[in-house]
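Good morning, colleagues. Please look at the sequence and the structure as I speak.

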Amino acid sequence: MLRECLVKGIAYQGSLRTGEDLLRGLTHVIEENNIVCGRITGIGAVTQARVAYFDHEHKRYEELLIKEGMEILSLTGNISKKDGELFPHVHVVLSGRDFRAFGGHLLHDTLVYAFEYEIIPFDGKPLIRQFDKDTGLFLWKE
Ligand code: ZN
């Protein structure tokens, strides 16, 4: 699928508080501002992270919880709707003390040390995620 999106004339820039759940914090921002579609980016640091990797063969997520301070080298995501709710789909690239990068699909229980974000809303109707049996993922449907 492909569609054109107009960028609204407004962008949001903000930060989350130390100790806040990163994904809940971003979800709160998009709900509070009724941002139904758009793009999320951010950088910062976390005190722990929970990320997932989607196993294509078994069509299920494997989770990893790491309880140590890490840098968020890059966070990127998009906003659409799933099950009638606003849904930020977010991936992160993290690094630890060894400076090696890793990452995955962002899950709850990732706790902010410091985090700065930009959210760029698009005009138009939200894209809707629906279960796709071929991939086992909730993908955008028209
Ligand atoms: Zn993902």
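Let me begin with a definition: a residue is called buried under 20% relative accessible area, exposed over 50%, and partly exposed in between, using a 1.4 Å probe and protein chains only. By that scale Glu71 is partly exposed, because its relative accessibility is 45%.

Two remarks on the source are needed. This is a predicted model, in which local features need pLDDT of at least 70 and side-chain atom pairs count only at pLDDT 80 or more, while totals for chains, interfaces and linings use all residues. Residues are numbered from 1 along each chain as its sequence is written, and side-chain values use heavy atoms, with hydrogens and water left out.

I turn to the overall build. The protein has one helix and nine strands, in the sequence order β-α-β-β-β-β-β-β-β-β. Here helices (H or I, at least four residues) and strands (E, at least two) are DSSP runs, numbered from the N terminus. The C-alpha trace spans about 45 × 40 × 20 Å along its principal axes.

Of the 142 residues, 38% are buried. Contact means heavy atoms within 4.5 Å. Among contacts with a separation of 6 or more, 68% join residues 24 or more positions apart.

What does the largest nonpolar core contain? Such a core is a set of buried Ala, Val, Leu, Ile, Met, Phe, Trp, Tyr and Cys residues joined through side-chain atoms within 4.5 Å. The largest one has 26 residues, and those touching the most other members are Leu22, Leu26, Leu75, Leu94, Phe115 and Ile119. Two or more residues come from each of α1 (22-32), β2 (38-55), β4 (70-82), β5 (85-95) and β7 (111-121). The helix α1 gives the most, with five residues. Leaving out residues up to four places away in sequence, Leu22 touches Leu16, Val46, Ile72, Leu75, Leu106, Thr110, Val112 and Phe115.

Let us return to Glu71, which lies in strand β4. Beyond its neighbours within four places in sequence, Glu71 is in contact with Gly44, Ala45, Val93, Leu94 and Ser95.

In strand β5 we find His89, which counts as partly exposed because its relative accessibility is 21%. Not counting residues up to four places away, His89 touches Thr76, Gly77, Asn78, His105 and Arg129. His89 and Arg39 are 50 residues apart along the chain, and their C-alpha atoms are separated by 9.6 Å.

Finally, I come to the backbone. Most residues other than glycine have a negative phi. Which phi value does Phe99 have? For Phe99 phi is positive, near 65 degrees. Phe99 sits in the loop between β5 and β6 (101-106), and it counts as exposed because its relative accessibility is 74%. Asp109 also has a positive phi, near 80 degrees. Its place is the loop between β6 and β7, and with a relative accessible area of 32% Asp109 is partly exposed.
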